[in-house]
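Subject: Structure handover

Hello,

Here is the structure you will be working with. Please open it first, then read my notes below.

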Amino acid sequence: MNLASLDLNLVVALRSLLEERNVTRAGQRVGVSQPAMSAALARLRRHFGDDLLARVGGHYELTALGQVLLDRTSNAYDVLERLFASQADFDPADESREFKLVASDYAVAVFGTELARVVHDEAPGIRLRFTQPSTSVVDDTATLLSTTDGLLMPHGIVSDFPATDLYQDSWVFLVADDHPSVEDRLSRQDLVRLPWVTYQRTYDAPAVRQLGMLGVEPRVEVSVDSFQLLPLLVAGTRRIALIQSRLARLLTPLAAVRVLEPPYEAVPLQEAMWWHPVHTHDAAHIWLRETAARVGRSMADPLEEREQPS
């Protein structure tokens, strides 16, 4: 296939046809006539050697190849849109655009809220959209980063992409205020014998790997797809949970839990913003990354905060 010979307008037509599954509606969506969209469909069918849309009764359905192309076309469209939206200059005070950031609920609560406040003050026309990481974040990082403006993720999970460090965090444990067998500290034996509440994804992999190296295999009683639900699932039970210190400080007033230090020297968490190399020299992305780094620098080390006298 010679990419130079392709009409990139067909990407727009293909996405519209696959999503609408109707030639007339697809044409209306992108502002072309029904005959023009029919001609585009004919060209796409010749290119792929497949009908893409097959008539079933009074409507069209995607063929097997059309179904495969549905997600790929959406990703390709996003990449092209971001590529051709690249700018040589960017004035945050006057620009109007949206940045999409992939981040866990932890990263949004601890860092994203402060980033959003700074953007609100300095760039009133800029919108931030936070979305949760998918299960493919580790296995297909390149595709994820090519369709977004940044990924907020600690070091030790993804690699081989540019990143800027944001802030450090530490790990602590949560136990219920009225836990019947835990007083002022946890032991390693407690980590083995007590039931756990865990974040069901593996994005805290360095902390999990460290537990394995210590011979601790958590006895998981509840898993949940949200860091912010951990305190509520610990309160009033014998369970324990490993959670980031910054998030624990935000959430402990909302649940009857206590924060305890790990009975081992827990590896710190270094949060970073990762991006696809295609964005490296784009002025808008440079501003976004510099703003994120500045917000990160403004966040004091939680270890230092705990050492300060009250």
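Strands β1 (residues 53–56) and β2 (residues 59–62) pair in the antiparallel sense, over four bridges. Two strands count as paired if DSSP finds at least two bridges between them. Helices (H or I, at least four residues) and strands (E, at least two) are DSSP runs, numbered from the N terminus. Ala-54 has Glu-61 in β2 as its bridge partner. The two strands form a hairpin, with two residues between them. Gly-57 sits in the turn and has a positive phi of about 65 degrees.

A word on the source: this is a predicted model, where local features need pLDDT of at least 70, side-chain atom pairs count only at pLDDT 80 or more, and totals for chains, interfaces and linings use all residues. Residues are numbered from 1 along each chain as its sequence is written, and side-chain values use heavy atoms, with hydrogens and water left out.

Next, the annotation. UniProt lists residues 6–63 as "domain: HTH lysR-type", in an unreviewed entry. UniProt positions follow the numbering used here, feature names are shortened, and annotations may be inferred rather than shown by experiment. The span is 60% helix and 14% strand. Its end C-alpha atoms lie 22 Å apart.

Now the helix pairs. Helix α2 (residues 23–30) packs on helix α3 (residues 34–48) at an angle of about 110 degrees, with axes 8 Å apart. Axes are lines fitted to C-alpha atoms, for helices over the stretch in contact, and angles run from 0 to 180 degrees between N-to-C directions. So α2 and α3 are roughly perpendicular (65 to 115 degrees; under 35 is roughly parallel, over 145 roughly antiparallel, the rest oblique). On the α2 side, the contact (heavy atoms within 4.5 Å) is made by Val-23, Thr-24, Ala-26, Gly-27 and Val-30. On the α3 side, the residues are Gln-34, Met-37, Ser-38 and Leu-41. Five residues of this contact are nonpolar, four are polar and none is charged. Here Ala, Val, Leu, Ile, Met, Phe, Trp, Tyr, Cys and Pro count as nonpolar, Asp, Glu, Lys and Arg as charged, and the others, Gly among them, as polar.

Helix α1 (residues 9–20) also packs against α3, at about 95 degrees, with axes 10 Å apart. That pair is therefore roughly perpendicular too. Leu-10, Ala-13, Leu-14 and Leu-17 of α1 meet α3 residues including Met-37, Leu-41 and Phe-48.

On to the open sheet. Five strands make it up, in the order β4-β3-β5-β12-β6, with mixed pairing. β4 (126–131) and β6 (163–169) are the edge strands, each pairing on one side only. The twist averages 25 degrees from one strand to the next. β3 (residues 97–102) pairs with β4 in the parallel sense, over six bridges. Lys-100 stands opposite Arg-129 in β4. Helix α11 (residues 283–297) lies across β3, β4, β6 and β12 (269–274), and runs at about 20 degrees to β6.

Last, the whole chain. There are 12 helices and 12 strands. The radius of gyration (over C-alpha atoms) is 24 Å, well over the 19 Å from the globule rule (2.2 Å times the number of residues to the power 0.38) for 310 residues, so the chain is more spread out than a compact globule. The C-alpha trace spans about 75 × 50 × 35 Å along its principal axes.

Best wishes
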